[in-house]
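Please read this short report with the model open beside it. Find each residue as it is named.

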Amino acid sequence: MTALTDAGGERTTLYCLGHAGGGVAGYRRWPSLVGPDVDVVPLLLPGRDGRRREPRVTDRAALLADLMPILAERAGTGPYAVYGHSMGALVAYTLTRALTDTGAPPPLFLAVGACLPPHVATALVSAADLPDEHLLPILDRLGSLPAGEMARPGGLWHRAVLPVLRDDLRLAGSLRQAALDSVTGGQVDTPVLVFAGRDDPLAVPALLEEWRGWATGRVEARTVDGDHFFVGTPELPRLVGQACRDRAAALAPGGRR
């Protein structure tokens with residue numbers, strides 16, 4: 001049964017995808033920050049946190065087999081939106097595009113943060129199999145390396161996190177290739193919200209404007225405070241939550257589309 005708001009309208013389910021090498025801890029505070037009538041549902045990929053014993057997914061087919069049933073079920077019952085951060089943005093795009101192919105109702109919008117569009121090359125695109133001495137400096141520039149004892153070669157981060165991150169980079173490469181394919185990729189038929197961190201050294205705000213070629217409809221870009229990992233700041237969930245309410249109101253009977 002779809003939950004209803006006090007005003008009698010349907011609540012929006014906001015699905016959230018995390019960055020490479022991580023889980024969904026960055027969304028821990030989102031339920032208290034998105035505002036009313038929005039239910040935050042982080043989607044944890046296999047191979048980490050509570051799903052750490054499951055095989056990690058490294059290609060588009062395995063990703064869709066894992067997550068598509070969740071979104072497809074919701075698409076048939078009520079409004080939903082999708083936000084993905086960094087690699088999670090590619091996951092969010094892929095899911096949204098695949099839902100279009102099935103004929104399912106699209107999300108209210110696709111929101112992407114800290115992620116260059118699929119056609120823009122980055123230092124990380126083909127970095128999954130680089131030796132540590134080449135990969136780690138790239139991650140360090142992004143602020144992805146731990147400090148202190150955690151960064152010691154052979155330590156816990158190198159043993160537990162780095163293998164996950166490498167597989168996530170393989171997944172990201174697969175998703176970028178599929179996005180550029182005429183059959184599995186192309187534009188999405190839903191509005192796209194693009195968020196950039198003002199101090200992000202990788203997904204700089206000017207390049208994120210390139211997402212405008214990946215949607216048939218409106219693409220709106222916003223710059224927020226923070227570096228590559230601004231997902232944990234209070235500003236982002238407030239903006240995404242308000243977008244859920246605005247879009248739901250626009251699509252309601254009598255609303256302005």
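Arg 166 counts as buried because its relative accessibility is 13%. Here buried means under 20% relative accessible area, exposed means over 50%, and partly exposed lies in between, with a 1.4 Å probe and protein chains only. Arg 166 sits in helix α5. Helices (H or I, at least four residues) and strands (E, at least two) are DSSP runs, numbered from the N terminus. Arg 166 touches Ala 127, Ala 128, Asp 129, Leu 130, Pro 131, Asp 132 and Leu 135, leaving out residues up to four places away in sequence. Contact means heavy atoms within 4.5 Å. From Arg 166 to Ala 249, the C-alpha atoms are 41 Å apart, and the two residues are 83 apart in sequence.

Asp 167 also lies in helix α5. Asp 167 is buried, because its relative accessible area is 14%. Setting aside neighbours within four places in sequence, Asp 167 is in contact with Arg 56, Val 57 and Thr 58.

## How to read the model

This is a predicted model, in which local features need pLDDT of at least 70 and side-chain atom pairs count only at pLDDT 80 or more, while totals for chains, interfaces and linings use all residues. Residues are numbered from 1 along each chain as its sequence is written, and side-chain values use heavy atoms, with hydrogens and water left out.

## The nonpolar cores

Which residues touch the most other members of the largest nonpolar core? They are Leu 63, Leu 67, Leu 71, Val 91, Leu 171, Val 192 and Trp 211, in a core of 43 residues. The elements giving two or more residues to this core are β1 (12-17), α2 (60-75), β3 (80-85), α3 (87-102), β4 (110-113), α5 (156-180) and β5 (192-197). The most comes from α3, with 9 residues. A second, separate core has 24 residues, including Cys 16, Val 34, Ala 111 and Val 240. A nonpolar core is a set of buried Ala, Val, Leu, Ile, Met, Phe, Trp, Tyr and Cys residues joined through side-chain atoms within 4.5 Å.

Now take Val 192. Not counting residues up to four places away in sequence, Val 192 touches Leu 110, Val 112, Ala 215, Arg 218, Val 219 and Glu 220.

## Helix α2

The buried residues of α2 are Arg 60, Leu 63, Leu 64, Leu 67, Met 68, Leu 71, Arg 74 and Ala 75. They pack against β1, β3, α3 and α5.

Where does α2 kink? The kink is at Leu 67, shortly before the proline Pro 69, and is about 45°. The bend at a residue is the angle between axes fitted to the seven residues ending there and the seven starting there.

## Val 40 in strand β2

Val 40 belongs to strand β2, residues 38-42. Val 40 counts as buried because its relative accessibility is 16%. Beyond residues up to four places away in sequence, Val 40 touches Leu 14, Cys 16, Trp 30, Pro 31 and Val 34. Val 40 and Leu 14 are 26 residues apart in sequence, yet 4.8 Å apart in space, C-alpha to C-alpha.

## Two positive phi values

Most residues other than glycine have a negative phi. Asp 49 has a positive phi, near 50°. Asp 49 is in the loop between β2 and α2. At 44% relative accessibility, Asp 49 counts as partly exposed.

Ala 114 is not a glycine, but has a positive phi of about 55°. Ala 114 lies in the loop between β4 and α4 (132-142). Is Ala 114 buried or exposed? Ala 114 counts as buried, at 1% relative accessibility.

## The cavity

A search of the whole structure finds 1 cavity of 30 Å³ or more. The largest cavity has a volume of about 40 Å³. A cavity is a set of points, on a 1 Å grid over the protein atoms alone, where a 1.4 Å probe fits but cannot get out; lining residues have an atom within 4 Å of a point. The volume is the space filled by probe spheres set on the points, which are joined across faces, edges and corners.

The lining is Gly 18, His 19, Gly 22, Gly 23, Val 24, Leu 43, Leu 44, Leu 45 and Arg 48.

Terms used: 1 Å grid on protein atoms, 1.4 Å probe; cavity = no way out; pocket = protein on both sides within 12 Å on 5 of 7 lines; lining within 4 Å.
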